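Here is a short report on the contacts in this assembly. Please look over the sequence and structure first.

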Amino acid sequence: MQITAENLSCERGGRTVFSNQNFSLGSGEFLQLTGPNGSGKSSLLRLLACLSEPSLGKITLANGAPELTLGQQAHYIAHSDASKSALSVNENLIFWRDFLGGGDLTRALDSVNLSPLADYPVALLSAGQKRRLALARLALVSRAIWLLDEPSVGLDEASQKLLVALMSEHFKAGGLIIAATHVPLGVKPHKNLHLGGQA
Amino acid sequence: MKLLGALLRRDLILAARQGGGVGTALGFFLTVLVLLPIGIGPDQITLQRLAPGILWITLLLSVLLSADRIFQQDFEDGSLEVMAMAPASLELVALTKAFAHWLSTSLPLSIAAPFLGVLLNLRTEIIWPLTLSMIQGSLALSLLASIGASLTLNLRRGGLLISILVLPLYVPVLVFGMSATTGNPEVIMPSLLILSAIALASLVLAPIAAAAALRAYLK
Amino acid sequence: MQQFANPTRFLSLANGALPYIWAVTLILFAIGLYGALVTAPPDYQQGETVRIMFVHVPAAWLAMLVYTVMALASAVAIIFRHPLADVAAKTAAPIGAVFCFLALATGSLWGKPMWGAWWVWDARLTSMFVLFLLYVGYIAIWQAIEETGRAAMIARIVAIVGFINIPIIKFSVDWWNSLHQPASVFRMGGPTIAISMLWPLLVMGLAYTFLFLALHLISIRSEITTRKLRNLQIARSENR
């Protein structure tokens, strides 16, 4: 599997966020996006998730599932946790499992160390625990491409180790990760893309 | 299909557990029903004549005011983004969510409303036509409301804007809903059939429009 | 999205055509008003008040025509992604709303001598009222959403959904009216109208159409200029 971006430009509200970006990423590789606030890291991830369209240039996916878009083969973990506070941890994950196409609930709960809280309503979880619940989606449903926007925000040291473990396992399975981050995630990136003017 | 079933189940559970579901809508309904006779006067004959219209308009407003629930929360907490990346089309997601709104709010209201008509001295022989027309009409109401909800997603003062956008679209439902309650048997049947046609047309049109609007907001 | 496919060419075309369009508009109004106020006979029932028709009916026609223009422009914007189409739809709306308001106001003025009331829930007037609400909703959307690209997309949907609903609303209002007022109080137009009244009406309709064309071109021009100005400001603030 190979993602290639050529000549990518992004515009928001009439303002050019970034222009002329090129990169390519193969199976088992990790691309780290860096750059100051407003340099377009999140915008680039949203382009890759097929939530928005580039103003110029194109993104191609080789050796993927041809009938699905790139977005449909990707996990996108953004700043919001996409969980419902009126549902329990288990209910949230069961919904996403059924909605996104199946997976192993117990393994997902274990991978982010939420098994003891499985029957808790999400309303009672702390911010870090909610973040882990969002990350559990990665382990729950198998998708080859992970698009992570500041995945380590709000995580304590132990939880960051869990994230590193999740990512390493994903590389071993031949997955791709593109992550925007301000702090090193603890996994050495294969490639680095710096957005926003002078590096 | 399994995926949409999961979505439907989730939305129904959420509607039952969180406030703003049918309980609140019913409370709103009752409040309006109390205020109107105070405004109009307690004359039984006047109220009896106005009852179907009052019930219909209160139904329109209750459905409309609960419509922001259809997409708003899922947009704010990021669920909608994940749904847009699922192997189902966003049109089907929008349809399922509007359908969940109908099942959880509009349908119970339209079953309860004719019986609440007792408070307005509603003529007993039009309880059935009113119930039937409301059940069909409310499906169209929920679907049209889902268009409005998607158009005003994430807007300040969205509540006022959704009223301007959606209430004109409610005119046909109101007209044929009312004409089913005239008591004239020659008019009842065609009115009910036209209401079904409106509901079916909304079933096709609303998800397309709502999904297009959602995509614009997700950009 | 913000760059216009060919704004310069459009502007020069518009600037060249505008004087001629204004001239035609004035001539048509002169002929139409002469026919309406001088040559057309007073109605045997309505007397001189029938002359309000020559202002009222073309305004109602234009209110419908302009919404059609808006919906078509919105469809063009979706299918061909031509950004000028969004501008055309956006700028048509306030003009259409004014025509619609004019139709409502003159209808109300006409109603006073006809029915003895400033407002009567006649089927045509009611449909026109709902059309006015559709215009208000469309304009409100442009004002509520700040980001131009998103506002354009949402406005397209509003225009097209409204357009699909207009015939249904019209049909339902006619149904509603026939249910409540079996004998129609008031008929106008139709094939029975006398030729001496028909031709001024048609000329007035044409005059209104050319007036719309002129106003539309002017507001498209100013919208393009506004957007250019804003883009320049953004570019300047970025370069600073």
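A:E91 pairs with B:R17 in a salt bridge, and their closest N and O atoms lie 2.8 Å apart. The model is predicted. Between chain A and chain B the count is 6 salt bridges. Polar contacts across the interface of chain A and chain B come to 10 residue pairs, both partners at pLDDT 80 or more.

Helix α2(A) gives the most, with 6 residues. By class, this side of chain A has 12 nonpolar, 7 polar and 9 charged residues.

**The chain B and chain C interface**

Chain B also meets chain C, with 26 residues of chain B in contact with 26 residues of chain C. On the chain B side, α7, α8 (158–166), α9 and α10 each supply at least two residues. The largest share, 10 residues, comes from α10(B). The side of chain B that touches chain C has 21 nonpolar, 3 polar and 2 charged residues.

| Interface | Buried area | Share on carbon and sulfur atoms |
|---|---|---|
| Chain A and chain B | about 2300 Å² | 62% |
| Chain B and chain C | about 2200 Å² | 84% |

Within chain B, the residues B:L151, B:P168 and B:L169 lose the most area to chain C. Together they make up 19% of what that side buries.

**A covered helix in chain B**

How many residues of helix α9 (residues 171–179) of chain B are buried? The number is 7 of 9, and the helix is mostly covered. The buried ones are B:V171, B:P172, B:V173, B:V175, B:F176, B:G177 and B:S179. Their cover includes α3 (44–65), α7 (127–151) and α10 (185–218) of chain B. It also includes α4 (123–144) and α5 (148–180) of chain C.

**A buried aspartate**

B:D74 sits in helix α4 (residues 72–76) of chain B. Is B:D74 buried or exposed? B:D74 counts as buried because its relative accessibility is 4%, and the cut-off for buried is under 20%. Its side chain makes a polar contact with the side chain of B:K97, at 2.4 Å. Leaving out residues up to four places away in sequence, B:D74 touches A:K84 in chain A. Within chain B, B:D74 touches B:R10, B:D11, B:S79, B:L80, B:M83 and B:K97.

Key. Residues numbered from 1 in each chain as written. Chains lettered and ligands numbered in written order. Predicted model: local features only at pLDDT ≥ 70, side-chain atom pairs only at ≥ 80, totals over all residues. Heavy atoms only, no water. Buried area = accessible area lost by both parts, 1.4 Å probe. Salt bridge = Lys/Arg side-chain N within 4 Å of Asp/Glu carboxyl O. Polar contact = N/O pair within 3.5 Å; in protein donor to acceptor, adjacent residues only side chain to side chain. Helix = DSSP H or I, 4+ residues; strand = E, 2+ residues; numbered from the N terminus. Nonpolar A, V, L, I, M, F, W, Y, C, P; charged D, E, K, R; others polar. Buried < 20%, exposed > 50% of the residue type's maximum accessible area, 1.4 Å probe, protein only. Contact = heavy atoms within 4.5 Å.
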